[in-house]
Amino acid sequence: MIIEVNEFKRTYTTYKGWVSRKKETVTAVNGISFAVEKGTIFGLLGQNGAGKTTTIKTLITLLAPTSGTCKVLGYDTFRQAKQIRPRINFIFGGELGVYRRLSARDNLAYFSNLYHVPPSVAKARIEDALDLVGLTDKADILCETFSKGMLQRLQIARGLVNDPEILFCDEPTVGLDPLGARMLRDVLKVLRGRGKTIMLTTHYMPEADELCDTIALIDGGVIVAMDTPSMLKNDGESLDDAYVRLVGKKEG
Amino acid sequence: MLRRFSHQAWLNFKGANAAFSFEEFTLLRLLYPLVTLTFYVLLAAYSFNAENLTHWVVGNSFLLCVNVSLFTLGQGFDSERIDGRLRSIIVAPENKLVAVLQKAAFPMLVSVITVFAGFIVSSLIFSVPFYEINLWLFMVVVIVSMFAASGLGLLLAALSLMTDSMHLILNTMNYVLMIFCGANFPIAQMPAWAGVLSQALPLTRGIEAANMLFTQNNPAAFAGLIFGEFVIGAIFFLLAFLAIKYAERTAIRRASLELF
């Protein structure tokens, strides 16, 4: 298994008050376990605040687990982050994360350098990524003139600069128009075809249904169901219906 | 490696200044330092009723130059956090200290040039006999002092991984330097504890060495001060190297890298 999560728990502690300090602890993820097979797309679906982003941030080495273990490529995400980092990348939804006053090409060159990609390799890879996300024509324009969708497509290209073995995507289609979202789905399929492993969080059930080999439904920090999309659905049911049945039941 | 460093430094600089026209950039980098320098020298002239303003022109031109290193480096991670790019830098294999240094390389280079120009202009205004000194040696003092201040800036950058109050920290440090490094107030007239503090700060020896170029010909003492400034810088670099590793791990534990 290329990703192994075992009894993973993450809490956030905050302190309030000036004179008598009050400690508040929120449990974002509460002892989840799952494993992801190489070359597959694994979907993590759930409500806002369910623990999806915390899980992804832990797997990309940005957060330490409070307890339990998270392993990526066989390495512990906290203690052996150095071995993991060159071999993974991520795409987060939203408009932040790129240099607005650089062109798309310069942005990709910058992020390639962060991954120590040799210039000749980076050049070809940047052209490939720009082509894949349909930004070749706009590659030399400052990103501050880009639309939300174009920025999001640049984020996708940024996630490919180091040719990662695993790509973590946290709501990557947020803000994308239907054509942009379709393009992203096609990119993810191409990457799976190349043997890449993808972990995806999304609120769009049809997207998860179309792309994911396995889906875990997470709610309140715990996994409430995990299976293939077809096995999660009852006869004649859409994934949307299954989600409401499995997560809504608990919410209600 | 050097090629990658300079490319990254250039992209950082380009990204930060692409919005300015050439005229705006020139005014910002030349006029602003000159006006600030003039303000502090005039303040000193009227406060101390001094006729020879060499000491204040030298000290304040140093302070301006070094503030660029301190602020650009100190805010290195903070600005990345605000724009949502910190996660990309942390998760990438690039050394984090190098990533911050890349951000500061061109601003530091520009500030050496512009403040040097400002020093010449203000010397003409305030009748400082800059033509009597060895300008190459003066440049060496500036560069070594910037190296020392960069060490302090990097140490502060490490702190920024754990706190979002960098404006408070950097502004406080800025005034600590202004008060204790000898640019505006004579260290000899300060209490003993302040004298000890000033010796632990970057710039103190650099400013003394630069003033020495105007006041006395003592190559051994001059070299000692330059060496001392370099050692202070090296100590801060070492501390920054250790602190950044600790800060990154602490930030990952505490979830303070981003606004989660």
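So, the lining of the second largest cavity has, by class, three nonpolar, four polar and two charged residues. By class I mean that Ala, Val, Leu, Ile, Met, Phe, Trp, Tyr, Cys and Pro count as nonpolar, Asp, Glu, Lys and Arg as charged, and the others, Gly among them, as polar. What we have here is a predicted model, in which local features need pLDDT of at least 70 and side-chain atom pairs count only at pLDDT 80 or more, while totals for chains, interfaces and linings use all residues. Residues are numbered from 1 along each chain as its sequence is written, chains are lettered from A in the order in which they are written, and side-chain values use heavy atoms, with hydrogens and water left out.

Back to that cavity. A cavity here is a set of points, on a 1 Å grid over the protein atoms alone, where a 1.4 Å probe fits but cannot get out, and lining residues have an atom within 4 Å of a point. Volume is the space filled by probe spheres set on the points, with grid points joined across faces, edges and corners. This one holds about 40 Å³. Chain A brings A:Phe90, A:Phe92, A:Leu96, A:Gly97, A:Gln155 and A:Arg158 to the lining, and chain B brings B:Gly84, B:Arg87 and B:Ser88.

How many cavities of 30 Å³ or more does a search of the whole structure find? Two. The largest has a volume of about 50 Å³, and its lining includes B:Phe62, B:Cys65, B:Phe116 and B:Phe138. Among the elements, α6(B) gives the most to that lining, with four residues; helices are DSSP runs (H or I, at least four residues) and strands likewise (E, at least two), numbered from the N terminus. The lining of the largest cavity has eight nonpolar residues, one polar and no charged.

Now, on to the interface. In contact, meaning heavy atoms within 4.5 Å, are 29 residues of chain A and 35 of chain B. About 3,200 Å² is buried between the chains, and carbon and sulfur atoms give 61% of this; buried area is the accessible area (1.4 Å probe) that two parts lose on being put together, summed over both.

Finally, there are two salt bridges between chain A and chain B, each a side-chain nitrogen of Lys or Arg within 4 Å of a carboxyl oxygen of Asp or Glu. B:Lys14 pairs with A:Asp106 in a salt bridge, with the closest N and O atoms 2.5 Å apart. On the side of chain A that touches chain B, α3(A) gives the most, with six residues.

Conventions
1 Å grid on protein atoms, 1.4 Å probe; cavity = no way out; pocket = protein on both sides within 12 Å on 5 of 7 lines; lining within 4 Å.
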